[in-house]
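Here are my notes on this one, as numbered points. Have the model open while you read.

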Amino acid sequence: MLENKHRYNNVVQMLGFLKDRHRKRLKARPFPNEWVKSIKNNVAFFTRLSGSDQAELLDHVQIILAEKNFEGCAGQEITDEVRVTVAVQACLLLLHRKTDYFPRLLTILVYPSTYLADEQRPITAEIWEEGKSHRAGETARTMGSMVLAWDAVKSGAADPSDGKNVVLHEFAHQLDYENFAADGTPALATRKQQLAWREVMRTEFASLRAAEATGIPTLLDTYGATNAAEFFAVSTEAFFERPVRLRSQHPRLYSELQNYFRQDPAEFSAEKRL
Ligand SMILES: [Zn+2]
């Protein structure tokens, strides 16, 4: 029994070694100029990053493009522009961290524009409203796939500070799934970090719910009041798009996200200073 476990661990270690070696080779590939051009045209935050962050981001993009499958739906063509515009935004979530590149995600389905979907959304903890709503994207823990609307991907990338970015939102869900639960808590290194994270998120989530119920305007999109998983996705959008205001209005939330993402987007944000 023990011997089997030992052998299993050796195999896992070997596979990990081979995967790392393959990824290193992918990163060493030259990055086509056309791709850089598409990124600079479409993704407003890119040129605001430092040179070393830009280089790290492009390395990550090579891995995503090699490992994830893109499929066009409803007539959407999958061009290199589509692939790099999605990938570079997703990879902003990976900077400065050891990562396994969204391991639960295999396929990204791209539609030309926002699509109608059945929606269930809680009004309070007990009452749910059902209906059709326009959607820009979705993903789920067990699907292995993600759906994105190309028009929403492009508009999210073009305006770096309106608080809306469907790619950051959906890929934040994928980070949440890394520890096998869709509970708004991504994989954190220590128990102490998990406890601190849960305490801050619980408090902030409760105050967003209360604000939504009373109609008080909020910096965070009230879609985040749906549940803890949506709260993390919406907070991630605000962290990268409206960091200066998030830091001043929700300092504890900002600090947890800053520790997790190992970034301070207030430094490169295009957000208007108030
Ligand atoms: Zn969501």
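**Notes on the predicted model**

1. Leu109 stands opposite Val147 in strand 6. Two strands count as paired here if DSSP finds at least two bridges between them, and helices (H or I, at least four residues) and strands (E, at least two) are DSSP runs numbered from the N terminus. Strand 2 (residues 107-111) runs parallel to strand 6, with five bridges between them.

2. Before going further, some ground rules: this is a predicted model, where local features need pLDDT of at least 70 and side-chain atom pairs count only at pLDDT 80 or more, while totals for chains, interfaces and linings use all residues. Residues are numbered from 1 along each chain as its sequence is written, and side-chain values use heavy atoms, with hydrogens and water left out.

3. On its other pairing, strand 2 is joined to strand 1 (residues 69-72) by four bridges, again in parallel. There, Glu71 has Leu109 as its bridge partner. Four of the five residues of strand 2 are buried, so the rest of the structure largely encloses it. Buried means under 20% relative accessible area, exposed over 50%, and partly exposed in between (1.4 Å probe, protein chains only).

4. Strand 6 (residues 145-149) has five of its five residues buried. Ser145, Val147 and Ala149 point one way, Met146 and Leu148 the other.

5. Strand 5 (residues 137-139) pairs with strand 6 in the antiparallel sense, over three bridges, and Thr139 has Met146 as its partner. The hairpin they form has five residues between the strands, and Gly144 takes a positive phi near 75° there. Gly144 counts as buried, at 9% relative accessibility. Leaving out residues up to four places away in sequence, Gly144 touches Arg104, Leu105, Leu106 and Thr107; contact means heavy atoms within 4.5 Å.

6. Have a look at helix 5 (residues 150-158), where Trp150, Ala152, Val153, Gly156 and Ala157 are buried. They cover an arc of only 165° around the axis, so they sit on the same side of helix 5 (the arc is that of the directions from the helix axis to the C-beta atoms). These buried residues pack against several elements, including helix 2 (33-42), helix 4 (80-91), helix 6 (166-176) and helix 8 (228-241).

7. What coordinates the zinc ion? The donors are His169 (NE2), His173 (NE2), Glu230 (OE) and Glu230 (OE), at 2.0 to 2.7 Å. Donors are N, O and S atoms within 2.8 Å of the metal (3.2 Å for Na, K and Ca); water is not among the atoms, so sites may look incomplete. His173 lies in helix 6 and Glu230 in helix 8, so the pair ties together parts that are 57 residues apart in sequence. His173 is buried at 4% relative accessible area, and Glu230 counts as buried at 13%.

8. On the nonpolar cores (sets of buried Ala, Val, Leu, Ile, Met, Phe, Trp, Tyr and Cys residues joined through side-chain atoms within 4.5 Å): the largest has 69 residues, and Phe171, Leu246, Leu257 and Phe261 touch the most other members. Apart from that core lies another, of five residues, among them Cys73, Leu109, Tyr115 and Val147.
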